[in-house]
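Biologist: I would like to learn how to read a model like this one, feature by feature. Where do we start?

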Amino acid sequence: MSLAKKKASTKARPTKPTQFRYFYERGDFPIALGHSTRGNIIQWKVKDISKLDYHHYLPLFFDGLCETTHPYDFFAEQGVKDLLEKGGAKILPVVPQLIIPIKNALNTRNPVVVARTLKILQRLVHSAPLVGEALVPYYRQILPILNIFKNKNSNMGDAIDYGQQKRENIGDLIQETLEAFEKTGGEDAFINIKYMIPTYESCVFS
């Protein structure tokens, strides 16, 4: 691949308005912006987040990971974190509905969005039993973008500057995410990762 094509493959893509933004602006989410000593927080208007309809809400919040404008980006990221923390057994059945939003977020090629999504993926596979294994059949949809960025630790211009400031180097986050996938994905995880990302070396059987 030529240098020009390599640069084009990692160039940020324009994004369309998300369903998350549409539902937020309609006031359909039980959330409000709150403040604490640590900064902005989500104030949920329900007593128990785990009682929410995860098939409805979790994919919508994942859809919002594409957002780069405040407050949509903040609400989407923090909402996903809260839902994953409280969801337990409700998360696993929703995994198939999360694949398209995850793929869309990674396909933006926006380094801020990609970094955010990778960290969410790490949380996702550790959020409940068998979630890591449930993702294995979807590696073919998730991993191609990771393969493009895997060796992009350098020559990323503003993106790498952002990564160093925020300790969010894309290449490092991809390695961490792949290792989390392998550790939680069961016996078929490594061979499927290796098929999609030939340069990946096992962190379990090294």
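Modeller: With burial. A residue counts as buried under 20% relative accessible area and as exposed over 50%. Keep in mind that this is a predicted model.

Biologist: Take helix α11, then. Which of its residues are buried?

Modeller: Ala 189, Ile 193 and Met 196. They cover an arc of only 65 degrees around the axis, so they lie on the same side of α11. The face turned away from that buried side carries the exposed residues Ile 191 and Tyr 195.

Biologist: What do the buried residues of α11 pack against?

Modeller: Two helices, α8 (139–149) and α10 (170–184).

Biologist: How do the axes of α10 and α11 cross?

Modeller: For a helix pair, read distance and angle together. The axes of α10 and α11 come within 8 Å and cross at roughly 145 degrees. On the α10 side, the contact is made by Leu 178, Phe 181 and Glu 182. On the α11 side, Ala 189, Phe 190 and Ile 193 make it. These contact residues divide into five nonpolar, no polar and one charged.

Biologist: What follows α11? I see Tyr 200 there. Is Tyr 200 buried or exposed?

Modeller: Tyr 200 sits in the segment after α11 (189–196). Its relative accessible area is 0%, so Tyr 200 is buried.

Biologist: Which residues does Tyr 200 touch?

Modeller: For this, set aside residues up to four places away in sequence. Tyr 200 then touches Lys 150, Gln 175, Leu 178, Glu 179, Glu 182, Phe 190, Ile 193 and Lys 194. Leu 178, Glu 182, Phe 190 and Ile 193 also take part in the contact of α10 with α11. Glu 179 shows how sequence and space can be read side by side: Tyr 200 and Glu 179 are 21 residues apart in sequence and 9.2 Å apart in space, C-alpha to C-alpha.

Biologist: Which side chain has a polar contact with that of Tyr 200?

Modeller: That of Glu 182, at 2.6 Å.

Biologist: What is found at the start of α3?

Modeller: Look for a side chain reaching back to the backbone. Here a side-chain oxygen of Asp 53 comes to within 3.1 Å of the backbone nitrogen of His 55.

Biologist: In what sense do β1 and β2 pair?

Modeller: Antiparallel, over six bridges. The two strands form a hairpin with two residues between them. Across the pair, Ile 31 stands opposite Trp 44 in β2.

Biologist: And α6? What does Gln 122 touch?

Modeller: Gln 122 is in helix α6. It counts as buried, at 18% relative accessibility. Beyond residues up to four places away in sequence, Gln 122 touches Leu 173, Glu 176, Thr 177 and Ala 180.

Biologist: Which peptide bond is cis?

Modeller: The one from His 70 to Pro 71, with omega near 5 degrees. Pro 71 lies in the loop between α3 and α4.

Biologist: Where is phi positive in a residue other than glycine?

Modeller: At Arg 109, where phi is near 60 degrees. Arg 109 lies in the loop between α5 and α6. Its relative accessibility is 10%, so Arg 109 counts as buried. Leu 130 also has a positive phi, of about 75 degrees. That residue is in the loop between α6 and α7 (131–135).

Biologist: Last, the overall view. How many helices and strands are there?

Modeller: The protein chain has 11 helices and two strands. Along the sequence the pattern is α-α-β-β-α-α-α-α-α-α-α-α-α. Of its 206 residues, 47% are buried. Among contacts with a separation of 6 or more, residues 24 or more positions apart account for 69%.

Terms used:
Residues are numbered from 1 along each chain as its sequence is written. This is a predicted model: local features need pLDDT of at least 70, side-chain atom pairs count only at pLDDT 80 or more; totals for chains, interfaces and linings use all residues. Side-chain values use heavy atoms; hydrogens and water are left out. A polar contact is a pair of N or O atoms within 3.5 Å; within protein, one must be able to donate a hydrogen and the other to accept it, and residues adjacent in sequence count only if both atoms are side-chain atoms. Helices (H or I, at least four residues) and strands (E, at least two) are DSSP runs, numbered from the N terminus. Buried means under 20% relative accessible area, exposed over 50%, partly exposed in between (1.4 Å probe, protein chains only). Contact means heavy atoms within 4.5 Å. The arc is that of the directions from the helix axis to the C-beta atoms. Two strands pair if DSSP finds at least two bridges between them. Axes are lines fitted to C-alpha atoms, for helices over the stretch in contact, and angles run from 0 to 180 degrees between N-to-C directions. Ala, Val, Leu, Ile, Met, Phe, Trp, Tyr, Cys and Pro count as nonpolar, Asp, Glu, Lys and Arg as charged, and the others, Gly among them, as polar.
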